[in-house]
Amino acid sequence: LSRINRDVYIAVFLLLLCGVFIGATYDIREIDYGILTPAAWPRIVLVALTVLSLIYLFQSLRRGAPAAGGEAFSVKKLLERYRNPLWCYGLFLLFLLTLDYLGMLIGGVLFVFCLLTAIGGAGKRDLLRHALIAIVMIGAMWALFTYALGVIFPQGEIVSIL
Amino acid sequence: LVLDNIAAAFHELFVLKTVLLMVVGVVAGLIAGGVPGFTIAMAVVLTLPFTFGMDAVQGLAVMMGVFVGGLSGGLMSGILTGIPGTPSSVATTFDGFPMARAGRPGFALGLGVWSSFFGGIISAVLLVTLAPQLARIGLEFQQWDYFSLVVFALTITASLAGENLVKGLIAGALGLLVATVGEDEINGVARFDFGNEAIKQGFGFLPVLIGLFAFSQLLSDLEDRVKARKSLAEGGGVAVRIEHRKAAMTVLRHWTNLVRSSLIGVFTGILPAAGSSISNILAYDQAKKASREPEKFGTGCEDGIIAPESANNATAGGALITMMALGIPGDIVTAVMLGALLIHDVIPSPTFITESPVLAYSLFLAFFLANFMMLALQSYTLRLFVLITRVKMYILASIILAYCAIGVFALSNIAFDIWTLFWFGVLGYLMRIFGFPLAPMILGVVLGGIAERWLSRALARSDDLSYFVTSPWSLFFLILAAFSVFFPKYQADRGKKTWTLVYPAVFLFTLSVPAFMMGGPVRIGLGILLLAMGIRSLIKHHRNGWKVDPAASLAPTLREG
């Protein structure tokens, strides 16, 4: 256990991933024609990836655990450090999950507004500024794609109800 | 025939709509290049969704505009704020910022703009003359040669890997794996869909690219909570008037530096993986070494601006030579352009110039035109740049994140592409955190399908694997591939360990074998020359007593641009 570091976990994860994918190559339908079967190239790639992951694992194990004295692991600190990216991912996921209901325009405006507010602050003036930016920028982009490039975005069930 | 092609390309390119779109592209590139945190590759990637609805000439011309604009945009923030807009302009800040602080910002910007312009034009001339010649050689290639060429391109990942070779190679292999997901192009058989209908179609190239590169980059920019709430203008950006006439005359007076730096740029661009992030530093270093007053470098010296700016724009021409003549990307931006060609149903290969001459010559002309546009638009863009520098980083990033989703959806009108963007955005960000370089993964995604296609064609012609080593060109590329994998190690240990003294000689000896196999007086002569150079290198080290210096300084290392 004294040799375990972050890279060891990543290497083990990669090896597991290779295992899952190598197993999945046996589910690929075989064909009777051609010399290079559909599963052959993925297997070549996966063998290379497995060998590289093994080298990575040995390298990581040889390096050993990080020197003592560093900061102790704490979920709170981790959340604090990655606060902004986590907001981005969380809100983007929410935007995706509600896309069918809110549509691209409303969902996009809400996503930008919420993200701006989460990162930039929620003071009275901030809220107004963020709302304005979200409506103008997303509205302009939506209009450009819809009317100039002819893209049909998801309208959202909410608009149909309204 | 060449003139006919140029005339046809001229007709295609010089349409009002295309020219106007290129102007927009150049302006977007100049701005994106100018804002620290936004890379040229990101700007080109984000342009792709817009070009999807355009024809191939229009779309690629716009991307060319963004590429050239981006290379020149970095000098604005580099000179005015001391923060390079892109890694291509790092060396520009060494003398550009001191000159601006000494009260001559307009002259410093002028030097940068005119050096970029002349560097771009020199490389454009070389692109037009060299690319078709190189492509002519490419016409000799058989299926085995093509596959080995792609293998060589994939080993570029080793050079892109930076400090950790294994991590870079893993990233490259992951890219290849991603490219295998979905319906197999050759036989139409579904792979790795895990019962999901949406995955059966495979991951769209663009959502993967935008997710991996742009999405994850934006999140990295927002990571620092204090910086995220700051605007670039707090670094000291000011509006100035560019001194064009005086600067142009000065650049022309320093023509030896200009030509030398441009050639360094073109050569660096031709070398796979060595992009403008390294050429600007190499050119600066050479200009300093060649100068009669090296002590003036770093204090606001004219040559210190001319060298990096001409080199970084010239690199674009070099990278395009490799992409258009051989179908392999010279750097990450050309990897994206290669993907764009695929989207427009153009298969990049050595036959590209002969099979699609109008498109190829349109790209040549677009590269010329983009350089002229950059020159004309820089003064106006400077005002826009100053305005944008007042916007806080989190506002810019949030809007671009939303734009990523809108742009990606517009590609095929399916929401699954936005999910792809999201998951690859997460993957890209985690890879950044864990120290895996993203460029090799992108190369893997771009080249995976091409490699499989050529391997299938080679095996369909003959299942005899010995062709891969008995075909001279295939052997040539496999040798290059083998040595390029170990090149970063060689670069790190050069002059410090004894094996590095033998490495170049062994490389030259091995490379002479396919040259002899090819036959013909020129290639046999080349083989003899390679042998002679190898022997000379060994004799030189033997006379020096195989001395190494463990404390020798390192050459600039390759970085992701």
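Arg457(B) sits over the face of Trp454(B), 4.6 Å from the ring centre. This is a predicted model. A like arrangement occurs in chain A: Arg43(A) lies over the face of Tyr26(A), at 4.4 Å from the ring centre.

**The cavity that Trp454(B) lines**

Trp454(B) also belongs to the lining of the second largest cavity. The whole structure has two cavities of 30 Å³ or more.

**Aromatic pairs**

Across all chains, the structure holds 47 aromatic pairs.

| Pair | Centre to centre | Angle between planes | Type |
|---|---|---|---|
| Phe10(B) and Phe14(B) | 4.2 Å | 25° | stacked |
| Phe476(B) and Phe477(B) | 5.4 Å | 70° | edge-to-face |

Why does the pair of Phe10(B) and Phe14(B) count as stacked? Its planes lie at 25°, and planes under 30 degrees apart count as stacked. For Phe476(B) and Phe477(B), the angle is 70°; the edge-to-face class takes planes over 60 degrees apart.

Phe477(B), by contrast, is buried, because its relative accessibility is 4% and the cut-off for buried is under 20%.

One aromatic cluster takes in residues of chains A and B. From chain A come Tyr82(A), Tyr89(A), Phe92(A), Phe95(A) and Phe111(A). From chain B come Phe215(B), Trp419(B), Phe422(B), Trp423(B) and Tyr429(B).

**The second largest pocket**

This pocket has a volume of about 1,300 Å³. Its lining has 36 residues. Which lie nearest the centre? They are Val24(B), Ala28(B), Phe50(B), Ile400(B) and Tyr403(B). Helix 6 (124-148) of chain A gives two or more residues to the lining. In chain B, the elements that do so are helix 2 (16-34), helix 3 (40-51), helix 4 (56-81), helix 18 (357-388) and helix 19 (393-412). Helix 2 of chain B gives the largest share, eight residues.

**A buried serine**

Ser279(B) is part of helix 14 (residues 276-290) of chain B. Is Ser279(B) buried or exposed? Its relative accessible area is 0%, so Ser279(B) is buried. What does Ser279(B) touch, leaving aside neighbours within four places in sequence? Its contacts are Ile264(B), Gly265(B), Thr268(B), Ala311(B), Asn312(B) and Thr315(B).

**Confidence**

The model scores ipTM 0.92 and pTM 0.80. Chain B has a mean pLDDT of 84, with 93% of its residues at 70 or more. Within chain B, confidence is highest in helix 25 (residues 521-543), at a mean of 94. Confidence is lowest in helix 16 (residues 332-343), at 77. Over residues 554-561 of chain B, pLDDT stays under 50. For this stretch the model has 27 contacts beyond four places in sequence.

Conventions
Residues are numbered from 1 along each chain as its sequence is written. Chains are lettered from A and ligands numbered from 1 in the order in which they are written. This is a predicted model: local features need pLDDT of at least 70, side-chain atom pairs count only at pLDDT 80 or more; totals for chains, interfaces and linings use all residues. Side-chain values use heavy atoms; hydrogens and water are left out. pLDDT is the predictor's confidence in each residue, from 0 to 100. Helices (H or I, at least four residues) and strands (E, at least two) are DSSP runs, numbered from the N terminus. Contact means heavy atoms within 4.5 Å. Buried means under 20% relative accessible area, exposed over 50%, partly exposed in between (1.4 Å probe, protein chains only). Rings of Phe, Tyr and Trp (its six-membered ring) pair if their centres lie within 6.5 Å; planes under 30 degrees apart count as stacked, over 60 as edge-to-face and the rest as tilted. A charge sits over a ring if NZ of Lys or CZ of Arg is within 6 Å of the ring centre and within 35 degrees of the ring normal. On a 1 Å grid over the protein atoms alone, a cavity is a set of points where a 1.4 Å probe fits but cannot get out, and a pocket is an open set with protein on both sides within 12 Å along at least five of seven lines; lining residues have an atom within 4 Å of a point. Grid points are joined across faces, edges and corners, and a volume is the space filled by probe spheres set on the points.
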